[in-house]
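Please look over the sequence and the model shown below, with attention to the aromatic side chains. The report that follows takes them up by topic.

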Amino acid sequence: MLAALWWMAFTILGIMGQSMLPGVDFFAPGMAVSLRWQKPGATLLLTLIWVAIQEGAGGLAFGYAILWYAILFALLTVGRWLLDPGSLQFQILLGLALGLAHLLLLYLMAVLEMRAFPLGRVLGECLLQAVLYPLLWYVADAMFPERLKKAHEESA
């Protein structure tokens, strides 16, 4: 029950953050926290909810959020083999990679939809994503309930 309440609050705060800073994914740090401290099924469920929110609220054609979270999952999975997922250095590198992924995915979507590609605005979003991701991850990881962390460590 505690986990469900925490993730509900996280999702609501993420929606509020994304309404204040469009183009920045406030749910991405949650995936990293969930993969570290929750069972894979919980992460999958959360990701499906976040994809539904992103796809429903976004102005792009269907598929951006699916590709975004697939890239994030791949980076988190591969990165965990190379670095400690709890280290700030790993999360900073991940933030930089997500900034680049945002640029490439938005360009891909703009080309597929035959839309203009506002490079200046997109570069600003990419920079914000790269800078905010490690900060948001740090806050989310620090605020994740210790009781749930201990429960995960005991079951592992």
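## W6 and F10

In this predicted model, W6 and F10 are both buried. The two residues belong to helix 1, which spans residues 2–20, and they stand four residues apart there, about one turn of the helix.

## Aromatic pairs

Over the whole structure, a search finds nine aromatic pairs. One of them joins W6 and W7, whose ring centres are 4.7 Å apart and whose planes meet at 85°; since planes over 60 degrees apart count as edge-to-face, the pair is therefore edge-to-face. W7, like W6, is buried.

W6 also pairs with F10, and here the rings are stacked, with 5.6 Å from centre to centre and 15° between the planes. Beyond these residues, ring pairs connect W6, W7 and F10 with F27, W50 and F144, so that a cluster is formed.

When residues up to four places away in sequence are not counted, F73 touches M31 and L35. Between F73 and A97 there are 24 residues in sequence, counted as their separation, while the distance in space is 12 Å from C-alpha to C-alpha.

Notes: Residues numbered from 1 in each chain as written. Predicted model: local features only at pLDDT ≥ 70, side-chain atom pairs only at ≥ 80, totals over all residues. Heavy atoms only, no water. Phe/Tyr/Trp six-rings, centres within 6.5 Å; stacked < 30°, edge-to-face > 60°. Buried < 20%, exposed > 50% of the residue type's maximum accessible area, 1.4 Å probe, protein only. Contact = heavy atoms within 4.5 Å.
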